[in-house]
Amino acid sequence: MGEGTSHMKVLLVYPNIVETPKDISLGLAIISSLLKKHNHKVKLLDSTFHNPNKQEIELITKQFDPDLVAVTAATNDLENAIRICKIIKNIKLVPIICGGYHATISPQDILDQDCFDVAAIGEAEQSLLEFINTLEKKEYNYKINNLWIKKEKEIIKNEISSLNQDLNSLPFADREIFDYQKYIDANRGLATFMSSKGCPFQCSYCINKVLMEKYKGKGKYLRFRSIDNLVKEIKQVTNNYKVKEIEFYDDTFTLNKERTKEFAEKYKKEINIPFYINARVNAVSKQDFKLLKKAGCIRISIGIESGDPYIRNTILKRNQTNEQIINTFKWAREE
């Protein structure tokens with residue numbers, strides 16, 4: 001194929017059924033950027049604002065005629081993902097990969113469904129790209145890390161790759177594919193970003209605990225993008241879309257004090273739009289609150305989970321004293 005020509009056609013499916021807040025799948029958006037960078041043709045089937053019926057799904061499948069379908073599914077979206085993928089499979093016997101949280105935690109669940117051929121586990125962007133590139137050569141590679149692949153009556157269970165330690169190496173999310181302004185408007189003018197991956201805490205009810213286990217010995221679980229890389233992406237979005245406020249989805253934004261300081265300085269100077277973050281008692285200081293307030297932070301979400309120390313610490317493994325909670329909220333109010 002000549003340079004710049006389109007290679008494979010990949011249909012991405014976002015089977016989102018959550019009414020509010022309306023948000024894109026950053027995972028799919030990054031995959032879309034990666035595929036486009038390698039000259040693959042990408043189309044999105046998105047059920048966020050309108051859940052397509054059988055006729056609509058059939059029409060999209062016939063018109064686009066994909067070589068591969070990739071769907072992301074959280075547990076609550078899984079039923080809709082199965083419904084959509086069954087319809088696609090009836091029109092065209094195309095390989096369908098399912099990734100996302102449910103596939104990562106329970107790949108067997110995914111592969112028990114006739115409509116799915118591959119379960120993508122964890123951070124599988126590069127694995128998906130590798131799978132597509134081999135399909136393009138008319139090959140079907142069963143030995144790709146992060147993928148569980150059906151082969152006749154058995155399942156080839158490949159091991160999980162080491163974690164990508166350089167988050168700056170990932171392309172920015174392809175928001176265009178999502179009709180992003182519609183999302184922003186439905187979310188009160190809010191655009192959302194992630195500046196890190198992972199979380200160092202092991203609360204008993206959270207998926208991070210399970211993911212940490214899965215990735216044991218596979219590199220540092222908590223990783224940060226550089227502030228310059230983050231600011232560049234925010235600028236790209238604010239230059240192309242009408243944005244009133246920004247929210248960072250990181251589990252705990254204030255973990256690295258030096259980074260929080262650098263962020264506060266650069267964000268104020270270069271972006272200066274009101275923003276929200278998530279923080280955590282015993283991972284945020286009075287100084288952090290001061291810096292963030294100055295930078296334009298107008299809301300910090302902090303989970304307490306329970307006022308009862310036994311439930312909070314013994315059962316939920318939050319490891320926070322009443323005094324720490326009281327002090328943290330006092331500092332927030334003072335700012």
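**Sheets and helix packing in the predicted model**

Helices α9 and α10 are roughly parallel to each other, because the angle between them falls under 35 degrees. The model described here is a predicted one. In this model, α9 spans residues 227-240 and α10 spans residues 257-270. Their packing angle is about 30°, and 10 Å separates the two axes. The crossing in which α9 passes α10 is right-handed. On the α9 side, the contact is formed by I227, D228, L230, V231, I234 and K235. The α10 side contributes R259, E262, F263, K266, Y267 and E270. Sorted by class, the residues of this contact comprise 6 nonpolar and 6 charged, with no polar residue.

Helix α10 also packs against helix α11, which covers residues 286-295. Here the angle is about 20° and the axes lie 8 Å apart. The helices α10 and α11 are therefore roughly parallel. The crossing of α10 past α11 is left-handed, whereas that of α9 past α10 is right-handed. In the contact with α11, helix α10 uses K257, T260, K261, F263, A264, Y267 and K268. These residues meet D288, L291, L292, K294 and A295 of α11. The contact of α10 with α11 contains 6 nonpolar, 1 polar and 5 charged residues. F263 and Y267 of α10 take part in the contact with α9 and also in the contact with α11.

An open sheet of 4 strands, with parallel pairing, is arranged in the order β8-β11-β12-β13. Its edges are formed by β8 (190-193) and β13, each of which pairs on one side only. From one strand to the next, the twist averages 25°. Helix α9 packs on this sheet, where it touches β8 and β11 (245-248). The direction of α9 makes about 150° with that of β8.

Within the sheet, strand β12 (residues 275-279) and strand β13 (residues 297-302) run parallel and are joined by 5 bridges. F275 is placed opposite C297 of β13, and N278 has S301 in β13 as its bridge partner. Together with α11, the strands β12 and β13 form a right-handed β-α-β unit.

K9 stands opposite K41 of β2. Toward the other end, the pairing of β5 with β6 is antiparallel and consists of 3 bridges. In this pair, V118 has I149 of β6 as its bridge partner. β6 pairs with β7 over 4 bridges, also in the antiparallel sense. K150 is bridged to I155 in β7. The hairpin of β6 and β7 has 2 residues between the strands, and in this hairpin E152 takes a positive phi near 50°.

From α1, residues I30, I31, L34 and L35 meet E125, Q126, L128, L129 and I132 of α6. By class, this contact is made up of 7 nonpolar, 1 polar and 1 charged residues.

Notes. Residues numbered from 1 in each chain as written. Predicted model: local features only at pLDDT ≥ 70, side-chain atom pairs only at ≥ 80, totals over all residues. Heavy atoms only, no water. Axes fitted to C-alpha atoms, helices over the stretch in contact; angles between N-to-C directions. Parallel < 35°, antiparallel > 145°, perpendicular 65-115°, else oblique. Left-handed = near helix turned anticlockwise from the far one by under 90°. Contact = heavy atoms within 4.5 Å. Nonpolar A, V, L, I, M, F, W, Y, C, P; charged D, E, K, R; others polar. Pairing = 2+ DSSP bridges. Right-handed = clockwise from strand over helix to strand, strands pointing away.
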